[in-house]
Number of protein chains: 4
Amino acid sequence: MAILQDKKVLVTSAGDYMGPAIVELFRQEGARLSCDYGGSYSDDELRALLASGLPDIVVANLAAPPQTAALENIEDQDWRLLFDKLVDPLMRLVRALSGPMKERGRGKIIAVTSAAPLRGIPHASAYCAARGAQNSFLRAAGLELAKYNVQVNAIAQNYVRNSTYYPDDLLEKEAFQRHLQQLVPGKKVAEGAETAQLALYLAGPHCTHMVGQILPLAGGWTTTTG
Amino acid sequence: MAILQDKKVLVTSAGDYMGPAIVELFRQEGARLSCDYGGSYSDDELRALLASGLPDIVVANLAAPPQTAALENIEDQDWRLLFDKLVDPLMRLVRALSGPMKERGRGKIIAVTSAAPLRGIPHASAYCAARGAQNSFLRAAGLELAKYNVQVNAIAQNYVRNSTYYPDDLLEKEAFQRHLQQLVPGKKVAEGAETAQLALYLAGPHCTHMVGQILPLAGGWTTTTG
Amino acid sequence: MAILQDKKVLVTSAGDYMGPAIVELFRQEGARLSCDYGGSYSDDELRALLASGLPDIVVANLAAPPQTAALENIEDQDWRLLFDKLVDPLMRLVRALSGPMKERGRGKIIAVTSAAPLRGIPHASAYCAARGAQNSFLRAAGLELAKYNVQVNAIAQNYVRNSTYYPDDLLEKEAFQRHLQQLVPGKKVAEGAETAQLALYLAGPHCTHMVGQILPLAGGWTTTTG
Amino acid sequence: MAILQDKKVLVTSAGDYMGPAIVELFRQEGARLSCDYGGSYSDDELRALLASGLPDIVVANLAAPPQTAALENIEDQDWRLLFDKLVDPLMRLVRALSGPMKERGRGKIIAVTSAAPLRGIPHASAYCAARGAQNSFLRAAGLELAKYNVQVNAIAQNYVRNSTYYPDDLLEKEAFQRHLQQLVPGKKVAEGAETAQLALYLAGPHCTHMVGQILPLAGGWTTTTG
C-alpha cells in the first residue's frame, strides 16, 4: 500500500521552491493533494484554503526571491519582503492549523526552510534572519504541539536543485562548481527528490517521536542544527 | 588599568533589560558611555545617535514586554510588536554601524538576545521566532564582518534577573521556584552582573577570534547554540 | 516494489538495542539481511563478517548495559566497558568498510547512537562521553566519505522502547511516567518502529545528500544536534 | 585588584598546548599557580597533585600529538593514544575533583578541548572522536555539578597559535595561508592570549551561570556547539 494512501495533504506555494518535487512524490504515494499556488496566506485566504476540511498533513513550503547584499546595503523593502513572504505567513498558517489539529488529536506540519541560518552566510544576513525566525518558530511550535500528537518539523536544506534558489543556469556556472568543490563535502547539488523523500519520512504514520526538529539536508555543508 | 579605559561605548535601551547591569560594570571599567533610553531606532534616530562619532563598542540591548500565548491565540499586533522592537531595530543598528566599522577596521557589536530559541519554549513561539531572527542575523553578520576586524556576537541568556523578563516579584513566586528546581541545572536565577561580565569579556581588546557566536548563558537550561 | 529490494544489509548486534525493530522492518522492505549477534568486532571477526561480500548498507547498532554513577563514583572498568562496547568497535567497523565502499563508489552506514550527549545527563557522564565519541566520529566520517557517494549518519535517539535501555518494566514505573511528563514534550516513549522508519529513510536509494548527520529522535527531549 | 588574586589554580600539562598562554595571564592576574608538566594523570599522580590542597580553579589542558589519517588507515595505537592522552585523564581528573569540590560548595574546571568535533574534519576522525568524548563528558559533568556551585566548561578552540597543533612553521606555509583564507571567516590564526582571556572570564568569581558549556573559539570556522 502506498505510504500516504488516502491522506489529505495541503502543499502551499506548490509551484515554487520544493513544491513540484514534493507534489510528485506524494501523489505517487497515494496522497489526496490539495495544492495552493501562492498568495499572501492572509487569515481570509487560509479560511478558504481550509474550508474543504482539515488536512492530515500540511507542507509549509514558502519561498521568496533570492537576495544578496552586504549588511550596509540591506534595503528596507527587501528585508520586509522576506518577512512578509517567509515568516508571517508561516505563523498564520500554523496558527490556523494548531487549534483544529489539537482538537482532532492528530496532524503533521512539514516546513521546507533553509540550512542558511544554521551556519550563517555572509551577504545573506537578511535571508538568514528570516529563515532563522522560521526555524525557531517551528522548534517552539513542535514542542508545544507534541503532546497533542501533532508533529511539526522543518527540512533545513541547502544545495538542493529548485527553480527558486538553485536554478539550472546557476548550477552550470564554473564559479558555482568551484564553490561546490570547496564548501560542500558531497561535492554536488541534490535533486529535489531528496527533499521529497525526507518530507515523506516526516509525513509517514510511524513518525511521531520526531518533533520540533530542524533537519539539515545540505550535503554536509552544515551538520549541526544551530 | 581598567579594561575599557577610554573606550567609547554605546548602550541601547540602557534603562531596560540588561542595560543597567552592563552600564554599571562598563563604567567601573573605564568606558566612556553613551546611553540611549529607547525609541524606534529609525534611521534618523540612529544618525543622531551616531552623530557624535563612531563608538568603539555597541551593546545592542533590545527588549519587548513578555508575551505568552498558545499558537492559536497569537495576536497579530503582539507578533508585530516583537519584530518591531527586537528584530528590525537590530538590523538597522547593525546596518548603520557596519559600513563605518569596516572602514575603520575595528569595532565590536555585542547583542543581548535570548536562549529561548535555542531550545524552544511552548507558548512562547512568537518570542522564540523574534529572538531566533536576531540570533541568526547576528551569526551571519559576525561571519561577514570578521575579516574587517569587527566582532559581532550575542549573549543568549535565560534565567538572569532583569526588570523586563525576570522581575523580583516573579522570582519570589513558589511556582517559579519549583520550575527552577525542575528545569534549571543551576537551580537559580543569576544576577545581572553575570551578563555584564560576559559582555565585558566580549568587549575586551583581546577578544577578536570569537565571531558570529551565540553564547548561551542560562544555568545549563540549554548548552547548545541551536 | 519494496524500498530495500535485494539490498544486502548487515545489522550488528541484531538481537540487542534497536536490532530487532530494524531487522523486522528491513525484512518487510525486501532486504537480504545478514545479522550478527554480538561480539567484540575485532578485525578478525570483521573480516569473517564481511567475507561473504560487501553489504550495500550496514546498520551499526551497538549497545552496552546501562550505567548510572555520580562523577566521583565512576569505576574504571565501567568506563572502559562503554568504550570497548560502543566506541572502539564502531571505529573498527567504519575502518573496515570505508576502503571497500569508497572503491565501489557506493554505500551506507547507519549508526544507532544516542541523544544523551546532545543535551547532557547528570549521573550518566560516562555514557555521554562514549556516545559523544561515537557521534563525533560519525560526523567526521560522514564528511570524509561524502564525496565517494558513501553516506554515514547516526540516529541519536532517546525515549524509544528497547530491551537494553527502556525495557517494559522500567516504562511501567510511576516515577518514570512522572519523569516523562516533566521532561519529554511528547509525553511518551516511542515504539522501536520509529527508529526503524528513520533507518529506512536513511537506507533508501534517494538519500544521498544527508551525510555526517546526527539526527535526534527523542520526542522533543532535545532538538539540537549538540 | 587582580581578578584571580590569591586564587589557587592548577594547570595541567602546563608546558603544552594552551598551558603557557594561560599560565602567563593567570599569573598576571594574581593567581597562585600550581603547574603540572604532564604525565598519565593516574589516580596516584592525581592524589599527589592534589595533596597540597584543593585548587579553586583547575585548567584541564590536555593535548596529544596531531594525527591525520583516512578512515581506512587509522592505526590502533594512534587511536588508543588519543583516548589515553585526552579522554581517560580528563575523566580521572574530574572524578578526583568532583567529590571535594561538591563538598566545599565551590570550584571551577575549565577544559581546553577543540572545535574539531563540532563541525567535523575529514582525515581527523580519530581526533574528532576523542575531543568529542571530552566535550560530551564535560557537558554532562557541568550539568551534574551546577547545583553544587561548581562550574565545568570547555573552550572548544581551533585556529589558535600553540606549539602542539599550530606551530609557527605550519602557519608560515603558503598552503596553510590559502586554507585560512578559504575556510576561516576571520582569515587569521589567533594568539594564545585569546584562549587565556576566555579562560580568565570562565575563572572569574562572577561566572556561575555558565555551566556545561562548550564554547567555540575558532574565528567563525564553526559557530555552533554541535
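A residue counts as buried if 20 or more other C-beta atoms, placed from the backbone, lie within 10 Å of its own; 12 or fewer make it exposed, and values in between partly exposed. Helices (H or I, at least four residues) and strands (E, at least two) are DSSP runs numbered from the N terminus.

This is a predicted model, in which local features need pLDDT of at least 70 and side-chain atom pairs pLDDT 80 or more, while totals for chains, interfaces and linings use all residues. Residues are numbered from 1 along each chain as its sequence is written, and chains are lettered from A in the order in which they are written. The model scores ipTM 0.98 and pTM 0.98.

In chain D, 21 of the 21 residues of helix 5 are buried, so the helix is largely enclosed by the rest of the structure. Helix 5 covers residues 125–145.

Helix 1 of chain A spans residues 19–28, and its buried residues include A:I22, A:L25 and A:F26. Among the elements of chain A that cover the buried residues of helix 1 are these:

| Element of chain A | Residues |
|---|---|
| strand 1 | 8–11 |
| strand 2 | 32–35 |
| strand 3 | 57–61 |
| helix 8 | 192–203 |

Just after helix 1, A:G30 takes a positive phi of about 90°.

Six residues from chain A and six residues from chain D make the contact, counted where C-beta atoms, placed from the backbone, lie within 7 Å.

Terms used. Two residues are in contact if their C-beta atoms, placed from the backbone, lie within 7 Å. The expected span of a helix is 1.5 Å times one less than its number of residues.
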